[in-house]
Amino acid sequence: MKCKICGMDINEKNYNFNESAFTNKNTIDNIIYCPFCGVSKKYLSENNEIIEIDSNLLNEDTLKILDHAVKLELFNGDFYNIAALMSKNDKVRKTFEALSRIEIIHSKVHQRLGGFANAPNLSKISYERYDSDNALLGLAKQKEEHAVSYYEKYKNEVNNMNLIKIFEALADVEKDHIILVKE
Ligand SMILES: [Zn+2]
């Protein structure tokens, strides 16, 4: 089985990867999401399809939107990475670690779709004032809400049908993250 969005192969060895980032878990007999980028079952393919986009067909605005999406997801991945190191509760830490890996995969998806050769170098942000797990979870919720609104706004401004689908798939993943960090 292959994920049409991130292109990863899903099998009996990795189906439960990142499971701390999901409210409903995959089982070996019932794979309901991609363990790498988090998209739901309808984006998984039994015959190794993947959604490809020819970046030469994307207009300048769409490339800008994708470039910004790379950065948004990288910043969020970086935040979760730091939040995991700061968190005191084991379960929260595991959730942040898994979320960090998933957001970084999202940034790589956008990088590939936009045909961008290199990941950008982002400035480091200090999260020191978020000095409890609850404060970190609160910020996580804000970041996920921002990501959802980004995808929902800009899916209407890109000039490619497949990209609209991908933005919808990723918005759903981030919506699930909002539920997860609220718990
Ligand atoms: Zn995937």
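Predicted model: local features only at pLDDT ≥ 70, side-chain atom pairs only at ≥ 80, totals over all residues.

**Helix α3 and its two partners**

Guide: Let's start with a crossing: α1 passes α3 in a left-handed manner. On the α1 side, the contact is made by Ile65, Leu72, Asn76, Phe79, Ala83 and Met86, and α3 contributes Leu136, Ala140, Lys143, Ala147, Tyr150 and Tyr154.

Now for the geometry. Helix α1 spans residues 60–86 and helix α3 residues 133–154; their axes come within 11 Å and cross at roughly 165°. Angles over 145 degrees count as roughly antiparallel, so α1 and α3 are roughly antiparallel to each other.

Next, please turn to the other partner, helix α4, which covers residues 161–182. The axes of α3 and α4 come within 9 Å and cross at roughly 160°, which means that α3 is roughly antiparallel to α4. This crossing of α3 and α4 is left-handed. From α3, the contact takes in Leu137, Ala140, Lys141, Glu144, Glu145, Ala147, Val148, Tyr151, Glu152 and Tyr154. Helix α4 answers with Phe167, Leu170, Ala171, Glu174, Lys175, His177, Ile178, Val181 and Lys182. The residues of the contact of α3 with α4 divide into 11 nonpolar, one polar and seven charged.

Conventions:
Residues numbered from 1 in each chain as written. Axes fitted to C-alpha atoms, helices over the stretch in contact; angles between N-to-C directions. Helix = DSSP H or I, 4+ residues; strand = E, 2+ residues; numbered from the N terminus. Parallel < 35°, antiparallel > 145°, perpendicular 65-115°, else oblique. Left-handed = near helix turned anticlockwise from the far one by under 90°. Contact = placed C-beta atoms within 7 Å. Nonpolar A, V, L, I, M, F, W, Y, C, P; charged D, E, K, R; others polar.
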